[in-house]
Amino acid sequence: MFTLFKKKSEKEQLQKKYRALMEESYKLSHTNRKASDTKQAEAEEILKKIEQLKE
């Protein structure tokens, strides 16, 4: 019940954003490859940030 008000950590927020970008990239890959590649690159940058947080 108290987890309802718990704030997400920076890592959790970045992981959520990463998953959303990867999903959007996948959907765009069927229609617009260039836009898909752009979203993929954004997701890779976020993944690098997540990996830096682990260290």
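User: How many salt bridges are there by the rule used here?
Analyst: Happy to start there. This is a predicted model, where local features need pLDDT of at least 70, side-chain atom pairs count only at pLDDT 80 or more, and totals for chains, interfaces and linings use all residues. Residues are numbered from 1 along each chain as its sequence is written, and side-chain values use heavy atoms, with hydrogens and water left out. With a salt bridge taken as a side-chain nitrogen of Lys or Arg within 4 Å of a carboxyl oxygen of Asp or Glu, the count is three.

User: Which residue meets K39 in a salt bridge, and in which helix does that partner lie?
Analyst: The side chain of K39 pairs with that of E24, at 3.7 Å from N to O. Helices here are DSSP runs (H or I, at least four residues), numbered from the N terminus. The pair links distant parts of the chain, 15 residues apart, with K39 in helix α2. The partner is E24, in helix α1.

User: Is E24 buried or exposed, or in between?
Analyst: Good one to check. Buried means under 20% relative accessible area, exposed over 50%, and partly exposed in between (1.4 Å probe, protein chains only). E24 has a relative accessible area of 36%, so this residue is partly exposed.

User: What separates R33 and D37 along helix α2?
Analyst: Their side chains meet in a salt bridge at 3.4 Å, N to O. R33 is exposed at 54% relative accessible area, while D37 is partly exposed at 40%. Because the two are four residues apart in helix α2, their separation is about one helical turn.

User: What is the N to O distance in the salt bridge of E45 and K48?
Analyst: Both residues lie in helix α2, three residues apart, about one turn of the helix. E45 is partly exposed at 44%, and K48 is partly exposed at 48%. Their side chains meet at an N to O distance of 3.8 Å.
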